[in-house]
Amino acid sequence: MLFSSLVTALLISPPPDSVPKAFSILPLPLVYYTPETRVAYGAAATATFRFKRDMAFLRSDSSGRARASIRPSQVTLGFAYTQNKQILFYLPFQIFYDRDNYYINGEAGYYRYNYYFYGVGQQEVPRELYGVNFPRIRINAFRRISPNISRGKLYAGIRYQYEDYQVTSVEPGGLLASGSVAGGLGSRLSGAGLGLFYDSRNVIFFPSKGVVADIAYLAHNQVLGGNVRFDRYTADVSSYHSLSDHAILAVNYFVSFTTGEAPFNALSLLGGTKRMRGYYEGRYRNQNVALLQSELRFDLYKRLGGVVFGAAGILGDAQSWLRVNEPKVAYGAGLRFTMNRRDHLNIRLDYGMGRQSSGFYLTIGEAF
């Protein structure tokens with residue numbers, strides 16, 4: 001998330017010759033831009049802390065190795081208002097406990113948003129503007145199950161998601177207003193499942209080597225309090241390769257498969273700031289998605305860097321699992337300014353282009 005990534009970089013790295021603080025808090029103003037929000041501005045405050053037993057271990061470690069391996073826990077409270085009159089209020093968190101043996105992350109939030117709807121699958125329609133209010137809760141609780149796999153950490157655990165998607169307005173005479181789109185007049189999602197998480201990146205924000213993988217299964221049904229029934233399987237894997245002292249190749253592989261009667265807002269989708277830049281978020285949505293995107297990152301001058309990127313994605317449904325003969329492609333370029341040299345956290349300015357579509361993105365942190 002934008003809020004937590006920025007403050008994480010400002011707080012995650014203590015001076016190398018000192019034991020980090022047990023608790024600190026930082027307020028921060030926020031400004032960013034995406035095609036979905038236009039200009040957005042707000043504020044956030046992040047509390048960073050470590051538990052007593054981890055602090056005791058840090059103080060007892062004379063080598064300093066533990067200070068690099070034991071990550072701090074963080075809880076961020078953020079608020080933003082956008083030029084499109086949207087409201088975002090949320091609280092992302094990541095908790096590390098017992099020398100990173102336990103890892104809990106997620107988000108609680110409330111959103112008042114306006115989106116454009118372009119249809120589902122191959123049924124494209126003239127874009128329709130609709131309004132929605134929704135609270136959302138996401139919790140992932142992991143236990144480390146392997147001490148060292150290729151110098152990485154492997155976790156397994158459980159996941160839970162809740163979202164009460166209250167559609168507040170639709171365009172008269174549009175496809176959503178007709179009631180023929182699943183979830184077009186609102187839906188309530190409640191799902192639980194299992195997950196695996198693996199991380200061997202050398203650094204979090206701008207890795208030059210390693211792999212991060214997030215694999216999940218979620219079952220949504222009425223037993224858990226929802227009003228829809230469907231299952232989702234996802235895998236999100238990124239790898240990083242150092243080509244030289246000044247160039248890095250980053251590659252992202254993403255697949256999402258949905259079975260059952262998922263509402264339109266819960267379908268697999270392409271577009272947005274992270275997947276298929278150049279297309280509006282949700283420009284393409286269907287039961288299944290497979291995406292490959294890559295990015296060449298290189299230094300330009302001191303804190304200034306550049307990137308070129310490209311992506312190809314395919315969609316599918318129950319009849320055609322993946323329509324490989326109908327790929328969607330996007331490409332673009334961007335600039336990076338390193339605002340935190342120690343953790344290499346960047347301000348990101350990208351311009352992406354797709355088929356009859358384009359978009360500027362000004363955010364913090366990399367797309368993947």
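Leaving aside neighbours within four places in sequence, which residues is Val 120 in contact with? They are Val 181, Phe 264, Leu 267 and Arg 285, where contact means heavy atoms within 4.5 Å.

Before I go on, the basis. This is a predicted model, in which local features need pLDDT of at least 70 and side-chain atom pairs count only at pLDDT 80 or more, while totals for chains, interfaces and linings use all residues. Residues are numbered from 1 along each chain as its sequence is written, and side-chain values use heavy atoms, with hydrogens and water left out.

Back to Val 120. This residue sits in strand β5; helices (H or I, at least four residues) and strands (E, at least two) are DSSP runs, numbered from the N terminus. Val 120 has a relative accessible area of 23% and is therefore partly exposed. On that scale, buried is under 20% relative accessible area, exposed is over 50%, and partly exposed is in between, with a 1.4 Å probe and protein chains only.

The largest nonpolar core has 27 residues. Such a core is a set of buried Ala, Val, Leu, Ile, Met, Phe, Trp, Tyr and Cys residues joined through side-chain atoms within 4.5 Å. Those with the most contacts inside this core are Leu 88, Tyr 115, Phe 117, Tyr 130, Val 132, Tyr 165 and Phe 264. Two or more core residues come from each of β4 (87-97), β5 (102-120), β6 (123-149) and β7 (152-169). The largest share, five residues, is that of β5. Take Leu 88: outside four places in sequence, its contacts are Tyr 32, Gly 78, Phe 79, Ala 80, Thr 82, Tyr 110, Tyr 111 and Tyr 113.

Now the surface. Leu 300, Tyr 301, Leu 304, Leu 335, Phe 337, Ile 347, Leu 349, Phe 360 and Leu 362 make a nonpolar surface patch of about 810 Å². Patch residues have over 30% relative accessible area and no salt bridge, and nonpolar side chains (Val, Leu, Ile, Met, Phe, Trp, Tyr) are joined within 5 Å. A salt bridge here is a side-chain nitrogen of Lys or Arg within 4 Å of a carboxyl oxygen of Asp or Glu. At least two patch residues each are supplied by β14 (288-301), β16 (328-340), β17 (345-354) and β18 (357-364). Tyr 301 lies in β14, and its 57% relative accessibility makes it exposed.

Asp 54, Met 55 and Leu 58 are buried. They fall on the same side of α2 because they cover an arc of only 100 degrees around the axis, taken from the directions from the helix axis to the C-beta atoms. On the other side of α2, Lys 52, Arg 59 and Ser 60 are exposed.

Last, backbone angles. Most residues other than glycine have a negative phi. Asp 100, not a glycine, has a positive phi of about 70 degrees. Asp 100 is in the loop between β4 and β5 and, at 1% relative accessibility, is buried. Lys 302 also has a positive phi, near 50 degrees. Its place is the loop between β14 and β15 (304-316), and with a relative accessible area of 68% Lys 302 is exposed.

Terms used. Patch = residues over 30% accessible without salt bridge, like charges linked within 9 Å, V, L, I, M, F, W, Y side chains within 5 Å. Areas by Shrake-Rupley, 256 points an atom, 1.4 Å probe, with all protein chains shown as cover.
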